[in-house]
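Please read the points below alongside the sequence and the model.

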Amino acid sequence: MLEAQVTKAPPSLLYMVKQVELVVRSHLDDLVRPSGITALQYTALTVLERHDGLSAAQLARDSFVTAQSIADLVRSLEGRGLVRRERNPRNRRELLILLTDAGRELLSQYAGPVRELEERMVRDLTAHQTEQFRQALIKAWHALS
């Protein structure tokens with residue numbers, strides 16, 4: 001008797017996105033570990049590199065961490081001299097988080113290795129496919145934001 005052929009459904013896109021996120025975070029953690037920071041801290045530094053002087057709430061949103069965990073993250077980065085906090089001149093009750101020269105230096109030190117990690121991730125894609133991938137991710141993010 002012939003066995004019925006069972007066709008397995010491919011993994012969901014949500015599952016695949018999470019798998020990519022986890023493997024990227026693992027590689028990024030390994031990459032920046034010698035500097036004494038985590039992938040989440042590195043991400044926060046890159047956010048500040050693009051948009052310096054954010055509130056803790058905005059940095060948390062843009063760094064994909066909770067508002068509760070950003071306080072510890074910022075305190076740790078501040079203790080290492082990678083960020084500093086200062087009062088917002090337009091709202092004296094709000095503290096802004098700014099990247100220090102040491103933070104910029106650390107980001108500069110890892111720019112090449114992080115770029116190599118990203119290139120490794122898309123090495124089997126053509127330049128056109130890589131751009132399509134980028135645009136698809138942007139559209140998916142906008143659809144859920």
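At roughly what angle do the axes of α2 and helix α5 cross, and within what distance do they come? The points below begin with the answer.

1. The model is a predicted one. In it, the axes of α2 and helix α5 (residues 101–121) cross at roughly 105 degrees and come within 11 Å. An angle of 65 to 115 degrees counts as roughly perpendicular, and α2 and α5 are therefore roughly perpendicular to each other. On the α2 side the contact is made by Tyr-42, Leu-45, Thr-46 and Glu-49, and on the α5 side by Leu-106, Leu-107, Tyr-110 and Val-114. By class, this contact has 6 nonpolar, 1 polar and 1 charged residues.

2. Helix α2 (residues 39–50) also packs with helix α3 (residues 56–63), at an angle of about 115 degrees and with the axes 9 Å apart. That makes α2 roughly perpendicular to α3. The crossing of these two helices is right-handed. Thr-43, Ala-44, Val-47 and Leu-48 of α2 meet Leu-59, Asp-62 and Ser-63 of α3. The residues of this contact divide into 4 nonpolar, 2 polar and 1 charged.

3. Helix α5 is also in contact with helix α1. The axes of α1 (residues 13–32) and α5 cross at roughly 150 degrees and come within 11 Å. Since angles over 145 degrees count as roughly antiparallel, this pair is therefore roughly antiparallel. The crossing of α1 and α5 is right-handed. From α1 the contact draws on Val-20, Val-24, His-27, Leu-28, Leu-31 and Val-32, and from α5 on Tyr-110, Pro-113, Val-114, Leu-117, Arg-120 and Met-121. By class, the contact of α1 with α5 has 10 nonpolar, 1 polar and 1 charged residues.

4. As to the chain as a whole, it has 6 helices and 3 strands. From the N terminus on, these elements run α-α-β-α-α-β-β-α-α. The radius of gyration is 19 Å, well over the 15 Å that the globule rule gives for 145 residues, so the chain is more spread out than a compact globule. Along the principal axes, the C-alpha atoms of the chain fill a box of roughly 75 × 30 × 30 Å.

5. One annotation may be set beside the model. An unreviewed UniProt entry carries the annotation "domain: HTH marR-type" for residues 10–142. In the model this span is 68% helix and 13% strand, and its end C-alpha atoms lie 24 Å apart.

Definitions and conventions. Residues numbered from 1 in each chain as written. Predicted model: local features only at pLDDT ≥ 70, side-chain atom pairs only at ≥ 80, totals over all residues. Heavy atoms only, no water. Axes fitted to C-alpha atoms, helices over the stretch in contact; angles between N-to-C directions. Helix = DSSP H or I, 4+ residues; strand = E, 2+ residues; numbered from the N terminus. Parallel < 35°, antiparallel > 145°, perpendicular 65-115°, else oblique. Left-handed = near helix turned anticlockwise from the far one by under 90°. Contact = heavy atoms within 4.5 Å. Nonpolar A, V, L, I, M, F, W, Y, C, P; charged D, E, K, R; others polar. UniProt positions renumbered as here; feature names shortened; annotations may be inferred. Rg over C-alpha atoms; globule rule 2.2 N^0.38 Å.
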